[in-house]
Amino acid sequence: MHRKEKRPGINELRTYLSANSMDLFEEFAYHLKREYDLSCAPAVYTMNYGWVFRFGRSNLYLIDKIKIIGDSFCIDDICVEDRDSLTAALKLADTLYAEGFGERLKIHSAQKSAAQYERTKSRLEREKKEIESMSSKINKNNFNKYRWSPKISRQKLKTLYENDAKMLQDEELIDDIGFALYARCLQGRDERVLIETGKVRCHNCGKILNYSKGLMECDCGYQYLFRDYMRSFRKNNMPSGSAQHIFNNFIEKWQCAQNYSVKMQIIDELVHEFHINLVTGVKGRFVGINLIEGTKKQIEELIVSLAYSNTYKDSKDNFMHNLKNDRVSK
Ligand SMILES: [Zn+2]
């Protein structure tokens, strides 16, 4: 992999590796994720080997030079091309972890969280002073007030599936749920784009405000701090980020969905989707968190318990399979 221009992600990797090597690479990635919670970091360019891949956590790498040679990937002098060489590569990774890396990672993580704690403390002090210096301009009733499109209720989703399994097509309920998902996905998508270009949409009147370092004031009287707005976006789990294409896909499909069974199909697909690591393709958090009320555990229990008619059984099977992989990794 020697062309320097573009950092390769999973799609580029697929074009370089043979299908067999790609499977082996994914299996290697799953193993490191499951056993040690190590992920594949974005590729880095080296003079000698071109693009190389690294596996680690918190900027500490267990393996820092996976080279792509021909259509396979190589770790040290092991070129992974079949089961035997994969086993050798996994054994090397296990040995490296057991012989010092695990311990180093533990110490590193402890130091990192201590440093993080100090940074958070001084940030909070700094921000408190900042707010105090603006206090004469802040109108508390209109300051940092957000209206995020709500998540959907677990009970409603449950009722929808129960009815569906009994062949009851509740048109009103499915529209209620679908449009709520649609509004939330749309707001996540649109406001993410605004944030990336340094803008904010006023949640009271809809006007677009340009970034400024201090207080951002809308004509309608509402006031925002850019960083608080971004934090609120994240804290509310607004749909965006690595699963953006999943939400976009729902937006497109929902706009065209004309009958109950199509609507049910696309809602079902959405609630079972997972965020996927863009480098390794490893499945991570499921997107239900961004869309359904409740804790991760409550939502997981709900999705597992949903009563299914046969039409949607495939996605439940996939979901269970992914969840099982996810659980093993804990
Ligand atoms: Zn406004």
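Modeller: The sulfur of Cys40 sits 15 Å from the closest cysteine sulfur, in Cys74, too far for a bond. A disulfide needs two cysteine sulfur atoms within 2.5 Å. Cys40 is buried, at 6% relative accessible area (buried is under 20%, exposed over 50%, partly exposed in between; 1.4 Å probe, protein chains only). Cys256 is in no disulfide either, with the nearest cysteine sulfur, that of Cys185, 15 Å away. Cys256 is exposed, at 57%.

This is a predicted model: local features need pLDDT of at least 70, side-chain atom pairs count only at pLDDT 80 or more, and totals for chains, interfaces and linings use all residues. Residues are numbered from 1 along each chain as its sequence is written, and side-chain values use heavy atoms, without hydrogens and water.

The count is one disulfide. It joins Cys74 to Cys79, S to S 2.1 Å. The link is right-handed, with 80 degrees about the S-S bond. Cys74 is buried at 1%; Cys79 is partly exposed at 28%.

Now the charged pairs. There are 20 salt bridges (a side-chain nitrogen of Lys or Arg within 4 Å of a carboxyl oxygen of Asp or Glu). One of them pairs Lys263 with Asp175, N to O 2.8 Å. This pair links distant parts of the chain: Lys263 is in helix 8 (residues 260–272), Asp175 in helix 5 (residues 171–196), 88 residues apart. Helices are DSSP runs of H or I, at least four residues, numbered from the N terminus. Lys263 is buried at 9%, while Asp175 is partly exposed at 24%.

How values were computed. Helix = DSSP H or I, 4+ residues; strand = E, 2+ residues; numbered from the N terminus.
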